[in-house]
Amino acid sequence: MTDATKTLCPYCGVGCGLEVLPPARRGRPVQRDSQGFPLWQTRGDRNHPSSKGQVCVKGATVGEALNKDRLKHPMLRSSLEQPFQQVSWDEALTVLTDKIQTVRQQLGPEALCMYGSGQFQTEDYYIAQKLMKGCLGSNNFDANSRLCMASAVAGYLQSFGSDGPPCCYADLELTDCAFIIGSNTAECHPIVFNRLRKHHKKNRQVKLVVVDPRRTETAKDADLHLAIKPGSDITLLNGMAHLLLRWCKLDALFIEECTHGFTDYAAVVEQYPPEKVAQACGITVPELETATRYWAEAERVLSLWSMGLNQSAEGTAKVRTLINLHLMTGQVGKPGAGPFSLTGQPNAMGGREAGGLAHLLPGYRSVANPEHRQVLEQAWQLPAGSIAAAPGLDTWEMVRALERNQVGLLWVAATNPAVSLPDLERAQAALRRSPFTVYQDAYYPTETAAYAHLLLPAAQWGEKTGVMTNSERVVTLCPAFCPPAAEARPDWEIFAEVGRRLGFTEQFAFQSAAEVFTEFVQLTRGRVCDMTGLSHECLAPGPKQWPYPADDPSQAMDKRLYTDLRFPTPDGRARFASFHSRGLAEPPSPEFPFVLTTGRLYGHWHTQTRTGRIEKTRTMYAEPLLEMNPRDAQELRLQSGQWVEVRSRRGQVRVKLRVTQTIRRGTVFLPMHWGVLWATAAECNALTHPEVCPVSLEPELKACAVHITPV
Ligand code: SF4
């Protein structure tokens with residue numbers, strides 16, 4: 001078939017290659033969806049190196065969301081109580097640029113905030129950084145990646161000296177022991193798990209260990225499932241380190257030549273004997289010993305993690321504690337081994353490369369580093385000192401700044417914070433305080449649109465050209481294959497036009513996304529994420545994996561970082577760090593006796609902005625159900641299907657109960673996908689709290705204490 005467009009699935013960080021088939025194909029009638037819209041069909045791209053033709057239900061149905069419920073025109077209103085009125089782009093951007101100038105003059109650049117998204121393409125991310133951090137002088141750009149990947153970024157940076165997952169997907173088929181912790185990979189990163197499951201089934205000596213309080217679809221395939229108490233991850237990992245030390249299963253040469261800090265770390269893990277650890281984690285000593293033995297006896301250990309470690313008030317410590325195990329056993333920088341963070345969003349990796357968090361600058365740089373600021377100011381032809389030295393407001397600090405009336409303008413793009421933020425009632429109240437909110441999105445209505453004064457219609461996947469980087473550092477060009485809905489425009493074009501209207505004509509004189517990407521990659525020169533050899537043209541024949549420097553453009557795939565066992569720290573050594581767990585930020589109590597964990601379901605995506613509009617994915621799980629262990633249900637005299645009220649210190653939801661053996665006693669689970677658009681009073685984040693990791697500033701969305709009563 002020659003009329004298929006090759007692109008990338010716009011959902012999760014697995015980054016599967018897709019082929020998109022137009023509604024009208026030679027000799028066939030135009031294909032239409034259930035609402036009569038022309039239907040763009042998708043199928044797996046067999047030539048994509050990351051997925052080799054596989055897709056899950058989301059990738060297979062994404063074309064159905066292209067035309068439904070689109071925001072088609074700019075819309076403006078004077079207050080949240082007024083209805084929106086359609087306006088022209090010129091009027092919308094005049095209002096927006098006037099507001100930006102007024103806020104800058106009256107309140108200063110720090111009163112400008114932008115909240116972006118891992119759904120951005122790299123070009124969108126890059127232009128947003130140039131506009132906000134460079135031209136407007138506000139580092140208040142944060143993205144929903146803060147709720148997702150920030151702890152992995154911080155953990156890699158502190159342990160290895162740089163962000164960047166060192167592994168690649170080929171390691172899934174080369175490992176002897178896959179250690180999955182805090183990730184329901186089978187449901188949330190299904191194609192990664194398919195590859196691993198196949199390898200595991202084919203090779204009986206390969207071990208699969210899954211650490212999760214729930215017996216998830218992932219855990220069902222495991223040789224060993226450790227159903228630990230929520231929040232006991234660090235204790236478990238320290239306990240494994242203790243046994244590795246006791247059994248002398250260390251890589252002494254690696255520790256000696258490639259790391260720092262082992263002695264102090266060893267002294268800490270000495271304090272974690274198996275009996276104490278097993279009791280603290282709610283597992284048995286033999287289970288702990290078996291997990292450690294699998295790790296110790298494997299030649300190649302690959303760990304995989306996701307939100308279960310990241311979304312925690314000690315998320316960075318958890319990530320570093322896991323990396324410690326790799327360092328003490330020399331399990332990094334070689335095939336089949338390493339600590340591999342699975343990225344949540346399709347281009348959270350591209351966002352990290354482009355500096356898309358409040359403390360970052362493009363090319364894995366930091367706003368706090370004067371040399372890094374200077375590089376960017378020169379590249380962007382801005383006066384010295386244009387970029388502020390202090391990190392901007394992170395996601396939750398933006399909420400707090402709204403509460404303090406310190407925000408003059410909030411610009412939200414490609415994300416739905418009115419469902420995804422923790423402590424939702426408080427967050428929604430803060431959003432209502434914003435004097436002027438711009439909401440730039442492909443869809444309408446969404447929950448966040450209710451808090452906006454100005455709506456800007458954004459072109460989405462398939463309607464704009466740009467690149468995305470997946471979890472294994474594979475960069476894929478995603479070309480436009482259809483025109484934008486009505487007046488929708490690519491995010492980067494909107495940012496660039498605002499920049500030009502504010503007088504930065506030189507800085508935003510781009511004619512195409514290809515030009516934006518060309519400028520961006522120059523800023524990665526010499527960095528760990530060097531991709532100076534990449535361009536849209538060079539990506540057109542197929543994806544490439546970074547590092548991809550211009551002077552050494554290796555066409556090879558399955559590249560790993562740190563294969564020379566040198567790390568990008570000042571002395572080239574990786575860093576051990578030791579931590580004692582502080583436990584959950586909000587442990588259960590007599591008043592709130594259950595630990596609520598949250599997560600995703602196969603087929604759904606985040607707040608359902610897309611998947612809720614596709615019949616097949618919407619009906620896979622038609623409503624949110626609260627999972628509870630049968631013995632807990634029996635004690636509370638509750639039954640499956642019964643309505644219950646779940647209450648935390650911050651809010652309550654009403655949902656139906658699902659009694660299941662797959663969850664440990666004392667813990668309940670609620671999916672995070674439902675906002676008020678889809679089911680009233682079932683917003684999971686009405687319950688969660690905003691306590692953040694002090695390093696990564698990622699909130700502990702994964703756990704809070706709740707009380708449950710029948711309705
Ligand atoms: Fe898309 Fe992720 Fe499914 Fe692949 S696994 S098709 S990237 S949602």
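Me: What makes lysine 99 partly exposed, rather than buried or exposed?

Reply: Lysine 99 has 19 other C-beta atoms within 10 Å. A residue is buried with 20 or more other C-beta atoms within 10 Å of its own, exposed with 12 or fewer, and partly exposed in between, the C-beta atoms being placed from the backbone. So 19 makes lysine 99 partly exposed. This is a predicted model: local features need pLDDT of at least 70, side-chain atom pairs count only at pLDDT 80 or more, and totals for chains, interfaces and linings use all residues. Residues are numbered from 1 along each chain as its sequence is written.

Me: Where does lysine 99 sit, and what is it in contact with?

Reply: Lysine 99 is in helix α2 (residues 89–107). Helices (H or I, at least four residues) and strands (E, at least two) are DSSP runs, numbered from the N terminus. Leaving aside neighbours within four places in sequence, lysine 99 is in contact with Leu409 and Phe436. Contact here means C-beta atoms, placed from the backbone, within 7 Å.

Me: Why are the buried residues of α10 said to line one face of the helix?

Reply: In α10 (residues 262–269), Phe262, Tyr265 and Val269 are buried. Seen down the axis of α10, they fall within an arc of 65 degrees, so they line one face. The arc is that of the directions from the helix axis to the C-beta atoms. On the other side of α10, Thr263, Asp264 and Ala267 are exposed. The cover over the buried residues includes α8 (233–246), α9 (252–258), β11 (259–260) and α14 (315–328).

Me: What makes strand β12 mostly covered?

Reply: Five of the five residues of β12 (residues 301–305) are buried. Val301, Ser303 and Trp305 point one way, Leu302 and Leu304 the other, and all are buried. In a regular strand the side chains alternate between the two faces of the sheet.

Me: How do you know that β12 pairs with β8 and with β13?

Reply: Two strands pair if DSSP finds at least two bridges between them. Strand β8 (residues 177–181) and β12 share five bridges, in the parallel sense. Four bridges join β12 to β13 (residues 338–341), also parallel. Both counts meet the cut-off, so both are pairs. Alanine 178 stands opposite leucine 302 in β12. Serine 303 stands opposite proline 339 in β13.

Technical notes: Contact = placed C-beta atoms within 7 Å.
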